[in-house]
Amino acid sequence: MKNFVNMPGFPGTRMRRLRRDDFSRRLVREHRLSADDLIYPVFVLDGQNQRQSVASMPGVERLSVDLLLPVAEECVKLGIPVLALFPVIDPRLKTPDGIEATNPDGLVPRAVHALKAAFPQLGVLTDVALDPYTSHGQDGLLDDSGYILNEPTVAMLVKQALTHASAGVDIVAPSDMMDGRIGAVRHALEENGHILTRIMAYSAKYASAFYGPFRDAVGSAANLGKADKKVYQMDPGNSDEALREVALDIAEGADMVMVKPGMPYLDIVRRVKDEFHMPTFAYQVSGEYAMLKAAAQNGWLDHDAVMMESLLAFKRAGADGILTYFAMDAARKLRQQG
Ligand code: PBG
């Protein structure tokens, strides 16, 4: 063994030295997950004392607003900054134009009121999209051929966003993928005095099969049937197109941008972060949650280990935060780890 220390490469450099002990692994760790990074999506029901489990999303429940309040309280205690609301709309209120989305006394505005009154410090995000409200399960208005119309849909989304803003929501998140909707929503918010309402744009949202369990949860799956959303959501084969979408949303006034789904699209998260340096979020969607849960339930994967690893991977890819159904479990785990 002569002069090895002066030689480039092995053994002067032994990558395993820093991996030897927990202290040095912690010392050189580049990315970390914190409760501050988490947004917790929840499904809200009408009525009182209503609780329904979602078969395809073990551990996830649809809750009426009164039962949601203790969940919100726990989010505050755990340091989760934002709760994202997804309504389960009574089928009798669903119409081809989804007009219930603009009802100021609807489920979402009532839930926003209740949450902000009880926990003003907890951020509330609402999804701006028509699919929970339409009788056909699409995110927009249809023409006679069934094609999703752009401008009439945007007009409805603007009304929906204003309804949420008037109810006191902190963040509106248009998830519909219509062209020009961020600009239209931003303009309307400014015109109506909601100058501090934040927009988190679902900018690069793909036409993904990973949304299946979510559509069960909000009850749009049956309405949608075998139809898909390929005429407005992005083609999974595209990557440059995601950058064009994000650029447009930033130009139109988005405060934060999002990539969705998450794990199969971490390359997009990285490109978006590197290109725009914007607050960038990723959505670990229902199907991603379902597959990890199913494998864990079978004893094929270690639940907590894959949960934490998958969330850390989002941070490493460049995400500032993650929408995830694991938010509460992950925040509890982080608390235990100290
Ligand atoms: C509605 C919406 C969807 C999701 C979030 N907002 C479903 C869809 O576009 O069909 C999916 C979330 C998930 O799968 O967890 N526009």
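Trainee: Is H277 buried or exposed?
Mentor: H277 is exposed, because its count of other C-beta atoms within 10 Å is 9, and a residue with 12 or fewer is classed that way. Please keep in mind that this is a predicted model.

Trainee: Where does H277 lie?
Mentor: H277 belongs to the loop that runs between helix 9 and strand 9, the latter spanning 280-284.

Trainee: How far apart are H277 and D302 in space?
Mentor: The C-alpha atoms of H277 and D302 are 34 Å apart, while the two residues are separated by 25 positions in sequence.

Trainee: Which helix holds E245?
Mentor: E245 sits in helix 8, which covers residues 240-252.

Trainee: And is E245 buried or exposed?
Mentor: E245 counts as buried, because 24 C-beta neighbours fall inside 10 Å. The threshold for that class is 20 or more.

Trainee: Which residues does E245 contact, neighbours within four places in sequence aside?
Mentor: With those neighbours set aside, E245 is in contact with S203 and A204.

Trainee: Staying with helix 8, at what angle do its axis and that of helix 9 cross?
Mentor: The two axes cross at roughly 45 degrees and come within 10 Å of each other; helix 9 comprises residues 266-276. Helix 8 and helix 9 are therefore described as oblique to each other.

Trainee: What is the handedness of that crossing?
Mentor: The crossing of helix 8 and helix 9 is right-handed.

Trainee: Which residues meet there?
Mentor: Helix 8 contributes A242, L243, V246 and I250. Their counterparts in helix 9 are I268, R271, V272, E275 and F276.

Trainee: Now the whole protein. How many helices and strands does it have?
Mentor: The protein has 12 helices and 10 strands.

Trainee: How does the radius of gyration agree with that of a compact globule?
Mentor: For 338 residues a compact globule would have a radius of gyration near 20 Å, and the protein has 21 Å, so the value agrees. Along the principal axes, the C-alpha atoms fill a box of roughly 80 × 45 × 40 Å.

Trainee: What percentage of the residues count as buried?
Mentor: The buried share is 44% of the 338 residues, and E245 is one of the residues that count as buried.

Trainee: Lastly, what share of contacts links residues 24 or more positions apart?
Mentor: Such pairs make up 73% of the contacts in the protein that have a separation of 6 or more.

Conventions. Residues are numbered from 1 along each chain as its sequence is written. This is a predicted model: local features need pLDDT of at least 70, side-chain atom pairs count only at pLDDT 80 or more; totals for chains, interfaces and linings use all residues. Helices (H or I, at least four residues) and strands (E, at least two) are DSSP runs, numbered from the N terminus. Two residues are in contact if their C-beta atoms, placed from the backbone, lie within 7 Å. The radius of gyration is taken over C-alpha atoms; the globule rule is 2.2 Å times the number of residues to the power 0.38. Axes are lines fitted to C-alpha atoms, for helices over the stretch in contact, and angles run from 0 to 180 degrees between N-to-C directions. Angles under 35 degrees count as roughly parallel, over 145 as roughly antiparallel, 65 to 115 as roughly perpendicular and the rest as oblique. A crossing is left-handed if the near helix is turned anticlockwise from the far one by less than a right angle, and right-handed if clockwise.
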